[in-house]
Amino acid sequence: MDKPLLNVENLSVSFDTPKGVVEAVRGISFQVGQERLGIVGESGSGKSQTGRAILGLTPGRVEADRIEFDGINLHKAPARTIRAIRGRRISMIMQDPRYSLNPVMTVGWQIAEAYRVHTNATKREAKQHALDMLTTVRIREPEKVYGLYPHQVSGGMGQRIMIAMMLIPGPDLIIADEPTSALDVTVQLQVLAILDDMVRDRGMGLIFISHDLHLVSSFCDRILVMYGGQIMEVLEAGALDQAEHPYTKGLLNCLPDIDRQQGTLPVLRRDDAWMNRKGGAGGDVP
Amino acid sequence: MSQDTANAKTTIEAAGRISRSALPSRLFAITKHGFSILLTFVGLTAITFIIGRVMPADPVLAIVGDRASNEVYEAMRLQLGLDKPLIQQYLIYLSNILQGDFGTSIMTTRPVLDDIIRFFPATLELATIATIFGVFLGIPMGVLAAVNQGRLIDHVIRIIGLFGYSVPIFWLGMVALLIFYAGLGWLPGPGRIAVYYDGIVEARSGIILLDSALQGEWEIFWNALHHLVLPASMLATFALAYIARMTRSFMLDQLNQEYILTARVKGLSEGAVIWRHAFRNVLVQLITIIGLTYASLLEGSVLTETIFAWPGIGQYITTSLFNADMNAVIGGTVVVGICFVGVNVLSDILYRIVDPRSHD
Amino acid sequence: MTDQPTETGLKEWLLSDTPQSVAQARCQRLYLAWLSFSANPIAMLGLAIIVVLVGMAAAAPVLTGGDGTEQALANRLQPPSVAHWFGTDELGRDIYDRIVWGARITLYIVGLVAIIVVPIGLLVGTVAGYVGGWVDIILMRVTDIFLAFPRLILALAFVAVLGPGLENAVLAIALTTWSPFARISRAETLTIRNAEHILAARVQGASTARIIVHHVTPLCLSSVIVRLTLDMAGIILVAAGLGFLGLGAQPPLPEWGAMISTGRQYMLDQWWVATIPGLAILIVSMGFNLLGDGLRDVLDPRSGGTS
């Protein structure tokens, strides 16, 4: 691989709760290049917190040896530097457009704002760019949609608006956190196709966070399997059947298969012993 | 004064409920709304009717007083229609109110409505100034506290807020008079204006600040303004505390929303995230709160007016109360009640205009 | 659990991820609530103030020499001193004594109002929410009318008709306070009326009344308690206001609002007569507000400030 876009070393995120400190992410390391990296895990595995920690947007306590992006250590950088990177260089698509869009502003204005933060564009230019962007994410009648409020658009359209908003400044790396989980099955594929096209056309890096192992394997080049805040295994997307870790195998076995008769679905095996491998199987490509 | 947090929450919830239930047409919504206002008005008059005419052992005596002659007593008995069935009495009472007839005050021997028109501007002046203070100080304080949640500044603002709605305002007014009038002599004592200025300015609106300014009597304007400082500050203490508290709580709610994360991901500065994104949403909710504050200040001025000898509607009601002037008490209560409902209806309409979610 | 829980054993038992019994789960919830409540110094201060108030009211005969109404005209309007911590009033009564005895009146008022208001609010709200239909519409319309009415003015008008006095003041305050409780109970009821356990009870043949009393009401209690605590301060202030206007507790009862009222005419020269009872009202109503805020954060996280 060429020089990676993002290099994460020994990242931990922890939260203080009345029950004591909860470690959401426990010292993971990975790299992302101009590729599609999938992060898979069940809820609570720390996959979302990993994505947010990269942008410095988790409410928890972040510790890391290094979160290096394009030669800048994001973990130690001043707030101003990070703000200049957010949106412009690294962007993030959230799960549910019903909550992730500001309810009292028109969607068009919100897209234009994303453009104007990082450029000196006038309002007119920003609006024109936003309209073009709406066309790019295959929205018909962009002029009409521009003036709508978030509660007036459907989930699928909302998520396309989200994609437009996050891609308009032309970032190098995009983090998609369960971008289709809140959508109807019928529109999931549409939205994925749009995201796929745009990432390909613009040569961006992508971190795709999901609980759906099969979706990720069909969409990404490489997959990190997370459990309990650690990386259990790193897999090439085409080589799912070569998975070695019992947890990954468990995940795969949970899926019903039409060719394989099964009495009952197996319960996912969990083993406390996995939690003690400090550093995990993370690190470089196997 | 005692309208507080949860009341506001319920009102907001009520507003939210209506707007969420996806009404088929706007016309229907307006009709429904108008109907519920009408019902509230009927209920309001029914309650005052019960208080004034049904609960007293002898409502005639309560109105004319025990010094009245037999003829006056009988005339009043017939005028009230006490020989008729209760429901008919209520309808007469209601139609009288609709015609602006609240009866005659024994204390002033004038129609109650005339008295109210004369006393009301003073209360309006006081409550308006206090609300303006409360809005312009309370909102920034609330935002500041929410943004610094858990830090020292948050605790300080919370304590100031707590003080504002825990303190008996009439007591605070007395202490303030003791310090700033009797002690330091910085501000004038009770009253609306110095005695020697009385009656110089022609009462057009009844609001002295406005009248004196319009007639170019700046000396009187300044004098009136000085008199206004203490009583308005007392009411503003409550307004400020309440608005700051609600702003903080709304702001915290909004800052935990996902769209705030979106705004940060975009690379916006903290100022833009807070004021452009979160505060816009807070403002929508605050409209209801500001309306509630204003309405409750119209009412809450009762005790403040007593302390500062402020000739407003509150003082009118309490003095009438001690003179057993039932017509005046009930009339004043109905008018304040109507204002209260009116302000809330207005803020509700404004809320609907501002919040895009309630448009369709 | 057979072994007597030790200090750490108890803590583990309270924090275990897998409670073994309903009782343990309940204790755990209470313990966690207590942990987050006690971590909030402001809320703890509120609790302390209320505990002191209750202690003062309970131990009034021990803490004072008399019942706060003995006059000693030779001693009138004495400034604060060692003999009279807060000075004496215009009839030579010890203000400290009257404050302590006044705590009883304050608690009497808020207690009585709570006893009247909570059952009415719960009944109206749960019935409206659970039965629904016309019953709901009528009950909520009545509630809204009371909610829309200015509270102090309504109380004033009531007392004007009923005549001044402590009981009438309580009644007037109760009449103007019950409506938010009905609204809250109704909102809670609506969220749970179609819950599985309610359906289960209905399938088992439980009557509507039984379901409301045994299954719905308990679930409304926590939000009602939070609201009640926050309302206490408002009740105290309205009561003090009525007392100040001479419409509440009548002399010689040591009601704090009435004490301010009599102290008003001595304000310029004998500041303590009116200032001390005002401070007492301020501290107690602040105490209830602090406690209510803390309780809300713990019991009702939806409307609370902290996530």
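Analyst: Chain A is assigned two domains: domain 1 takes in 1-89 + 172-286, and domain 2 covers 99-170. These bounds come from an automatic or database domain assignment. What you see is a predicted model, so local features need pLDDT of at least 70 and side-chain atom pairs count only at pLDDT 80 or more, while totals for chains, interfaces and linings use all residues. Residues are numbered from 1 along each chain as its sequence is written, and chains are lettered from A and ligands numbered from 1 in the order in which they are written.

The C-alpha centres of the two domains of chain A are 27 Å apart. Domain 1 and domain 2 of chain A each bring 14 residues to their contact, where two residues are in contact if their C-beta atoms, placed from the backbone, lie within 7 Å. On the domain 1 side, helix α8 (residues 185-202) of chain A gives the largest share, 7 residues. Helices (H or I, at least four residues) and strands (E, at least two) are DSSP runs, numbered from the N terminus. By class, the side of domain 1 of chain A that touches domain 2 of chain A has 9 nonpolar, 2 polar and 3 charged residues. Here Ala, Val, Leu, Ile, Met, Phe, Trp, Tyr, Cys and Pro count as nonpolar, Asp, Glu, Lys and Arg as charged, and the others, Gly among them, as polar.

With α7(A) it packs at an angle of about 15 degrees, the axes being 9 Å apart. That makes α7(A) roughly parallel to α8(A); the cut-offs are under 35 degrees for roughly parallel, over 145 for roughly antiparallel, 65 to 115 for roughly perpendicular, and oblique for the rest. Axes are lines fitted to C-alpha atoms, for helices over the stretch in contact, and angles run from 0 to 180 degrees between N-to-C directions. From α7(A), Gly155(A), Gly156(A), Gln159(A), Arg160(A), Ile163(A) and Leu167(A) meet Val187(A), Gln190(A), Val191(A), Ile194(A), Leu195(A) and Met198(A) of α8(A). This contact of α7(A) with α8(A) has 7 nonpolar, 4 polar and 1 charged residues.

Next comes the sheet of chain A. Its 6 strands form an open sheet with mixed pairing, in the order β7-β8-β9-β3-β10-β11. The edge strands, each pairing on one side only, are β7 (90-93) and β11 (230-236) of chain A; two strands pair if DSSP finds at least two bridges between them. On average, neighbouring strands of this sheet are turned by 20 degrees against each other, direction ignored. Within the sheet, β3 (residues 36-40) and β9 (residues 205-210) of chain A run parallel and are joined by 5 bridges.

Asn10(A), which is not a glycine, has a positive phi of about 55 degrees, and its place is in strand β1 (residues 6-17) of chain A. Most residues other than glycine have a negative phi, and most peptide bonds are trans. In chain C, the peptide bond from Pro251(C) to Pro252(C) is cis, with omega near 5 degrees. Pro252(C) sits in the loop between α10 (208-244) and α11 (256-263) of chain C.

Chain B has 14 helices and 0 strands, and its C-alpha atoms fill a box of roughly 80 × 60 × 35 Å along the principal axes. There, helix α11 (residues 258-265) of chain B packs with α12(B) at an angle of about 140 degrees, their axes 10 Å apart. That makes α11(B) oblique to α12(B). Between chains, 49 residues of chain B are in contact with 45 residues of chain C. The largest share of the chain B side, 8 residues, comes from α14(B), and that side divides into 29 nonpolar, 15 polar and 5 charged residues.
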